[in-house]
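Work through the exercises below with the structure in view. Try each task before you read its solution.

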Amino acid sequence: MSEYLLEVEESQEGLRIDALLSSSFDLSRTKVASDIDAGSVLVNGKIALKSHRVATGDKIVYNPIIKTAINPADQVITIPILFADEDIVVIDKPVGVAVHASPGWEGPTVTASLSALGHTISTSGAPERQGIVHRLDVGTSGVMVVAKSELAYESLKDQFRDRTVKKIYHALVQGHPDPSKGTIDAPIDRHPQENYKYAVVNGGKDSVTHYETMEAFAGASLLKIELETGRTHQIRVHMAAIKHPCVGDSMYGADPKLAAKLELLRQWLHASELTLRHPKTGVDMTFNSTYPQDLTLSLTRIAEAYK
């Protein structure tokens, strides 16, 4: 794993350094905290403590510690199963779980957890992400489908490519989008300066997001979002591009003070509904996921704070 460099932006002022690094580089907070305790994080040339609150302009150097081997048990967690048969398994992914193994990630994964539960996953796809036809960020919770059979893998890949899968998310964003209902059609690609981020970029991949305000609070709005495309970080990038980042999303410019007030440790983003055609029967199936506790509590807090 390479060295990470980060200069703290004004919008990140006051964040705990472990929370900032975890969000910025899509690593588990446990992993980051362990590395900080081991002295692998410098702030302005000095060894940092994990309780350190960053200031605008701080220059952070992070050299993640690479373990020679990962304990397979560390990558397994109990994941709620919404539906399963011989072709597909639909899960309610918890926050803090990666979809599949990747360099630098030592925490739980969907693929390892499903295997531990006895689900045989399709062997189609790259070795580290066999059976995976779409992904949710580590910091995003909610409903997703994994292919178990080769038939399912090919069918679902085609459905996602042809944009026939209906993907509904809920997001709490800063401010009040105007208009309250609209479409963001802006191409997305890797950020030109920061390789761990994405951005609206001329010549990027076609990216379309439809949103609708469900509830407005003082300083924030709860949106229903439907993705027409499925780019990496699409909702987070598009909402930041219109100056309404997801609450808690420090990577894309959210106000850390609001996140702290709501005791929110990740971006407020949840995959609420997924509709797909069953690969074998051809029947349309819809699956739903309710908000996990951290998102529910943050909604309660923001509603009560501005009564």
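Accessible areas come from the Shrake-Rupley method with a 1.4 Å probe. The model is predicted.

**Exercise 1. The whole protein**

Task: Describe the fold, the extent and the surface of the protein.

Solution: 
- Step 1. Start with the secondary structure. The protein has seven helices and 15 strands.
- Step 2. Check how compact the protein is. Its radius of gyration is 19 Å, close to the 19 Å that the globule rule gives for 307 residues, so the protein is as compact as a globular protein of that length.
- Step 3. Look at the extent. The C-alpha trace spans about 60 × 50 × 40 Å along its principal axes.
- Step 4. The accessible surface is about 14200 Å². Carbon and sulfur atoms hold 51% of this surface.
- Step 5. Go inside. Of the 307 residues, 51% are buried.
- Step 6. Residues 24 or more positions apart account for 65% of them.
- Step 7. Finish with charge. There are 32 positive and 38 negative charges, and their mean positions are 2 Å apart.

**Exercise 2. Aromatic pairs**

Task: How many aromatic pairs does a search of the whole structure find? Classify two of them.

Solution: 
- Step 1. The search finds three aromatic pairs.
- Step 2. Take Y4 and Y62. Their centres are 6.0 Å apart, with 50° between the planes, and the pair is tilted.
- Step 3. Y4 is in strand β1 (residues 4-7) and Y62 in strand β4 (residues 59-62), so the pair ties together parts that are 58 residues apart in sequence. Both Y4 and Y62 are buried.
- Step 4. Take F83 and F287. Their ring centres are 5.7 Å apart and their planes stand at 45°, so this pair is tilted.
- Step 5. F83 belongs to strand β5 (residues 81-84) and F287 to strand β15 (residues 284-288), so the pair ties together parts that are 204 residues apart in sequence.
- Step 6. Use the cut-off for burial: under 20% relative accessible area. F287 has 8%, so F287 is buried. F83 has 24%, so F83 is partly exposed.

**Exercise 3. One residue**

Task: Is D35 buried or exposed? Which residues is D35 in contact with, leaving aside neighbours within four places in sequence?

Solution: 
- Step 1. Locate D35. This residue is in helix α2 (residues 29-37).
- Step 2. Read the accessibility. D35 has 2% relative accessibility, so D35 counts as buried.
- Step 3. List the contacts, with those neighbours left aside. D35 touches S40, V41, Y62, P64 and I65.
- Step 4. Link back to Exercise 2. Y62, one of these contacts, is paired with Y4.

Key:
Residues numbered from 1 in each chain as written. Predicted model: local features only at pLDDT ≥ 70, side-chain atom pairs only at ≥ 80, totals over all residues. Heavy atoms only, no water. Phe/Tyr/Trp six-rings, centres within 6.5 Å; stacked < 30°, edge-to-face > 60°. Helix = DSSP H or I, 4+ residues; strand = E, 2+ residues; numbered from the N terminus. Buried < 20%, exposed > 50% of the residue type's maximum accessible area, 1.4 Å probe, protein only. Rg over C-alpha atoms; globule rule 2.2 N^0.38 Å. Contact = heavy atoms within 4.5 Å. Lys, Arg positive; Asp, Glu negative; His and termini not counted. Charge placed at Lys NZ, Arg CZ, Asp CG, Glu CD.
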